[in-house]
Amino acid sequence: MSGPARSAPGAATKQARRRRSSGIGVPIARSRFLMIAVAVFVGLGLAWWAATGLEWVKPIFLPSPASVATQIAKLATDGTLWLDLRASAYRISIGFLIASALSIPIGVLIGSFRSWEAGIEPLVDFIRYMPVVAFVPLSILWAGTGDTQKFLIIFIGTFFQQVLMIMDNVKRVPADFIGLGRTLGLPDRKILTRIVVPSALPGIWDTLRISLGWAWTWLVLAELVAATSGLGYRITVSQRYFQTNTIIGYILLLGLLGLITDQVMKALEKVLFRQDGHSQ
Amino acid sequence: MTVPKLRIAGLDKSFGTGERRTQVLRDINLDLADNEFVSLVGTSGCGKSTLLSIVAGLQDFDAGDLSIDGAPILQPGLDRGVVFQSYTLLPWLTARQNIEFALKAAGYDRAACREIALEHLDLVKLSQSADRYPSELSGGMKQRVAIARALSYRPKMLLMDEPFGALDALTRHHMQELLTQIWEEHRLTVLFVTHDVEEAVYLSDRIVVMGIGPGRIMQTFNVDIERPRREEVMETPAFMDLQRGVHKAIREASRRPEMA
């Protein structure tokens with residue numbers, strides 16, 4: 001496709017310009033974007049199907065897509081899948097709610113007042129770098145193997161990150177917004193509730209969305225190690241019986257659940273903060 | 001006139017501490033008469049915005065006296081309406097709600113809030129956009145809402161910090177005309193910070209030129225151009241002479257940083 005007609009230089013440059021469909025930041029059509037994305041999924045699926053169908057790998061390492069599908073269908077009909085889902089959904093909801101309910105007020109406080117920041121931020125920053133995984137044995141020691149231990153791990157994994165991110169969200173509230181509140185003679189408490197919090201809310205929501213994604217990881221971690229139900233528990237048990245199809249099915253399911261919660265949070269964000277679209 | 005609307009006397013202001021302490025304002029003396037429109041001009045770093053911010057009560061000062069109608073200024077308050085360069089419309093509120101927000105803070109009841117808000121949107125010719133959110137408004141419209149908001153609760157004076165600085169030239173012209181019209185009709189004491197000399201001459205009764213190192217008042221110009229002023233006035237020799245004079249003063253003021 002090189003060397004367009006030389007006779008009309010104007011047309012040639014125009015053509016050259018039109019051909020620029022790749023490069024840094026060059027936009028592409030939505031349909032094209034979708035096509036590429038779908039093609040990657042289909043391609044990987046086909047590769048999986050071919051690798052197992054042609055028996056390049058043993059089913060014990062990688063079962064066929066059909067085997068995974070039938071296994072998941074079986075677990076769905078006998079009810080195991082739903083029990084696992086319910087146990088996990090309950091744990092992540094409670095754990096995440098506790099973490100968020102504490103991190104939002106604390107984050108707002110340390111984002112607004114320097115002395116609160118001095119008291120809490122360095123400590124949180126320190127704890128944040130302690131690996132969550134290392135807390136698992138301790139959490140079992142403290143809270144046993146019941147739901148409380150799952151809440152604890154989810155809490156440790158999300159709370160400390162949330163606090164720092166929410167502090168950042170709050171600090172990004174334009175200084176002039178606070179100046180406006182001052183010139184209107186509002187006391188600090190009202191500036192906080194009527195200006196700072198509503199202004200930071202879209203950012204805080206985004207923080208919640210991102211940390212909810214991580215919470216799935218901590219949930220499964222806690223369930224892998226010590227549990228008698230839940231998605232993570234089923235994965236561990238399946239390993240014991242070489243049910244690779246269950247393991248792969250559940251991993252795919254976890255990915256799907258994460259994707260769904262993320263999309264739901266994004267959709268809610270659009271509804272809740274419609275007018276903030278492109279804030280100043 | 002015995003008591004001026006705003007009195008700034010012997011005001012000093014420094015930033016930082018120890019060796020890095022730098023004086024940004026030195027011995028500022030400035031009185032604004034009732035209903036006077038005064039502009040502060042000068043190169044960046046002359047402390048004009050800092051001075052405005054101090055008058056607004058948003059920043060402390062080291063020495064001097066500051067009073068409005070004879071009462072000392074101790075903190076920000078509803079007696080001074082402030083218009084910031086960055087519009088500062090709250091994005092989750094409509095144009096009308098943004099004005100009502102201020103009125104509510106000023107203690108008006110709900111019905112009064114609504115009525116006054118609509119009245120002031122009408123004043124800035126935005127009645128049609130009362131229920132639109134800031135993200136749906138242009139820069140000029142946002143700043144009109146901000147001006148309407150600052151006027152709505154009837155402050156004793158208006159402080160404007162480069163309010164049109166972020167607007168394109170054409171919109172800025174429209175805004176200047178609108179502001180002049182409103183000011184000529186309603187009269188209010190205004191302290192206006194700008195780096196646009198033409199704007200200062202067009203709007204003001206008096207122009208204060210500030211110099212740098214440390215920021216201080218260098219020269220004052222009275223603008224004896226008849227009101228009402230319309231855009232055509234910018235073409236007159238008197239206007240252009242004054243504009244040249246102010247430009248020259250700013251250049252000289254920024255050329256000789258004095259030894260501290």
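Modeller: Reading chain A from the N terminus, its elements run α-α-α-α-α-α-α-α-α-α-α. That gives 11 helices and 0 strands, where helices (H or I, at least four residues) and strands (E, at least two) are DSSP runs numbered from the N terminus. This is a predicted model, in which local features need pLDDT of at least 70 and side-chain atom pairs count only at pLDDT 80 or more, while totals for chains, interfaces and linings use all residues. Residues are numbered from 1 along each chain as its sequence is written, with chains lettered from A and ligands numbered from 1 in the order in which they are written.

The C-alpha atoms of chain A fill a box of roughly 80 × 75 × 30 Å along the principal axes. Its radius of gyration is 25 Å, whereas a compact globule of 280 residues would have one near 19 Å; this radius is taken over C-alpha atoms, and the globule rule is 2.2 Å times the number of residues to the power 0.38.

Now to chain B, where our sheet sits. It has 7 helices and 10 strands, and its radius of gyration of 18 Å agrees with a compact globule of 260 residues, which would be near 18 Å. Buried residues (20 or more other C-beta atoms within 10 Å of their own, with C-beta atoms placed from the backbone) make up 45% of chain B.

Here is the part you asked about. In chain B, 4 strands form an open sheet in the order β2-β1-β4-β5, with antiparallel pairing; two strands pair if DSSP finds at least two bridges between them. Strands β2 (22-32) and β5 (71-72) of chain B are the edges, each with a single partner strand, so one side of each has no neighbour in the sheet. β5(B) pairs with β4 (residues 63-68) of chain B over 2 bridges, and in β5(B) the bridge partner of B:Ile68 is B:Ala71. Helix α1 (residues 48-56) of chain B packs on this sheet, touching β1 (6-15), β2 and β4 of chain B. The direction of α1 makes about 65° with that of β2(B), using axes fitted to C-alpha atoms, for helices over the stretch in contact, and angles from 0 to 180 degrees between N-to-C directions.

One last stop is B:Leu191. Leaving aside neighbours within four places in sequence, its contacts (C-beta atoms, placed from the backbone, within 7 Å) include B:Leu6, B:Leu32, B:Leu52 and B:Val55.

Note on methods:
Two residues are in contact if their C-beta atoms, placed from the backbone, lie within 7 Å. A residue is buried if 20 or more other C-beta atoms lie within 10 Å of its own, exposed if 12 or fewer, and partly exposed in between; C-beta atoms are placed from the backbone.
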